[in-house]
Amino acid sequence: MTHYRAPQNKQQYKTAKPENLYGLETENRETFPFFPAFVHVTGKKVVVLGGGEVAAGKLRLLLRSQADITVIAPELCTDIATMVDTGAIRWEPAPFVDTMLNGAVMIFDAADDMQLTRRVKVAAKRRNILLNVVDKTEHCDFIVPAILDRAPVMITISTGGCAPALARIIRQRLETTLPASMSQLAKLARSARRRVAAHLPDNVARQRFWTHFFQNGLQDTHLSQSTPQDLDAALTRFVPEGSSATVPGGQILHADVAADNAFDLAHGIARAIETSDIIFHMPGIAPDILGLARRDATVIELESTGDDGNIDNDARERLKHQAAFFARQGSNITCLYRN
Ligand SMILES: C[C@@]1(CC(=O)O)c2cc3[nH]c(cc4nc(cc5[nH]c(cc(n2)[C@H]1CCC(=O)O)[C@@](C)(CC(=O)O)[C@@H]5CCC(=O)O)C(CC(=O)O)=C4CCC(=O)O)c(CCC(=O)O)c3CC(=O)O
Ligand SMILES: NC(=O)C1=CN([C@@H]2O[C@H](COP(=O)(O)OP(=O)(O)OC[C@H]3O[C@@H](n4cnc5c(N)ncnc54)[C@H](O)[C@@H]3O)[C@@H](O)[C@H]2O)C=CC1
């Protein structure tokens, strides 16, 4: 039996058989040169070089943050001129000099001038400022993803600079499938996190409550209009006030998996994997199916002892007992067999 954490553990991919990977690389998985992260910019100086349409695009994005924005360019397109006129950003019409970067945390170079880029790069490096050159990925310290904006929820898509138009198309597809109410749900959670923590001091119970609340909230358009009162009611239903129970009993699902990728997986099985604390699985279950697991779930690969690639009946009985034991302690368990 192999124990490991899900889903981004190398072992997970090592134990899977290559014929089940369907285009996912295993040992040869691409590394990412750009680390995905979110940069805090509120009140900090950000500089944009260039006054064209591309600079305008980056500025529109920056304006969604609360950065202190300066644009450096000899002339401005209409959109940027409006941003300057309304006082949303500062305009520096003088030719670029290194000291204009003093105190900045990020620079966007959209001036389309290679000689200028070389100077900016040296000046940025000397001051430890992160640089984005819109038309030259090789000079970028950071790149900008396509963004599905459901602030405070931000779904960002990057192709590592390989195919920006692909990032845009994926974003457009998701725009129509992910509800605007995500934003509402996240804001509700923000306002209730302390209350929920006080009501449910147990980590597992809390994690279970939030999963349950968001799953319902995202499925049901009515619920996604939830008010703080709805959340309180859900909380009391989950563990009634004064009840001694801290963690409700867990769910168990034993499922035969016919699908060889997450997309084709039955919804019920997918939801069970998403909410499981422990997943037992036979060899050969596709890594992207196991990848549905929470990051802190325990994923355990079983050795196949049966002729059909599964475990024999005795082992299956033992597993059932084991699963029931963990469920009594409040864990959600999924056991995945080969179909
Ligand atoms: C590296 C990166 C640097 C950066 O800008 O941070 C970069 C670089 C380059 N873009 C180029 C071109 C185009 N970029 C777009 C659009 C977007 N480009 C964005 C990001 C990024 N572009 C970063 C990588 C992101 C990633 O993939 O992870 C998006 C996602 C976000 C945004 O810009 O805010 C936004 C879509 C937003 C959305 O709608 O959601 C379109 C129009 C379109 O397709 O809609 C075209 C014209 C079609 C084409 O040429 O492909 C060129 C060639 C320039 C040339 O030839 O002169 C380079 C340089 C190169 O490739 O070397
Ligand atoms: N990353 C992306 O998403 C995309 C990048 N691009 C690239 O972005 C670049 C800019 O595109 P556009 O805005 O359409 O070009 P543009 O020519 O309209 O804009 C360039 C701007 O830079 C200013 N500029 C030129 N020299 C300058 C200097 N020394 N100091 C300060 N400002 C200076 C110009 O006055 C102009 O306002 C191009 O290289 C284009 O290939 C194009 C499409 C998408």
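Biologist: Which residue of β3 stands opposite Val48?

Modeller: This is a predicted model, where local features need pLDDT of at least 70, side-chain atom pairs count only at pLDDT 80 or more, and totals for chains, interfaces and linings use all residues. Residues are numbered from 1 along each chain as its sequence is written, chains are lettered from A and ligands numbered from 1 in the order in which they are written, and side-chain values use heavy atoms, with hydrogens and water left out. Strands are DSSP runs of E, at least two residues, and helices are runs of H or I, at least four, numbered from the N terminus. In strand β3, the residue opposite Val48 is Val71.

Biologist: How many bridges join β2 to β3?

Modeller: Strands count as paired if DSSP finds at least two bridges between them. β2 (residues 45-49) and β3 (residues 68-72) run parallel. The number of bridges joining β2 and β3 is five.

Biologist: Which strands are at the edges of the sheet?

Modeller: The sheet is open, has five strands and pairs in parallel, in the order β4-β3-β2-β5-β6. An edge strand here pairs on one side only. The edge strands are β4 (90-92) and β6 (130-133).

Biologist: What is the average twist from one strand to the next?

Modeller: The sheet in question has the order β4-β3-β2-β5-β6. Axes are lines fitted to C-alpha atoms, and angles run from 0 to 180 degrees between N-to-C directions. From strand to strand, the twist averages 20 degrees.

Biologist: How many residues of β2 are buried?

Modeller: Buried means under 20% relative accessible area, exposed over 50%, partly exposed in between (1.4 Å probe, protein chains only). β2 is mostly covered. Of its five residues, the buried ones number four.

Biologist: Which helix gives the largest share of the shell around ligand 1?

Modeller: The shell holds residues with a heavy atom within 4 Å. There are 17 around ligand 1, and Arg168 and Arg171 are among those that come nearest. Four shell residues come from one helix, residues 164-175, namely α5.

Biologist: How much of ligand 2 does the protein bury?

Modeller: Ligand 2 has 16 residues around it, with Gly51 and Asp112 among the closest. Oxygen atoms of ligand 2 lie 2.9 Å from a backbone N or O atom of Gly51, 3.1 Å from a side-chain N or O atom of Glu75, and 2.9 Å from a polar side-chain atom of Asp112. Of the 860 Å² that ligand 2 exposes alone, the protein buries 59%.

Biologist: Is Asp112 buried or exposed?

Modeller: Asp112 is in the loop between β5 (104-109) and α4 (114-126). Its phi is near 55 degrees, a positive value in a residue other than glycine. At 64% relative accessibility, Asp112 counts as exposed.

Note on methods:
Polar contact = N/O pair within 3.5 Å; in protein donor to acceptor, adjacent residues only side chain to side chain. Areas by Shrake-Rupley, 256 points an atom, 1.4 Å probe, with all protein chains shown as cover.
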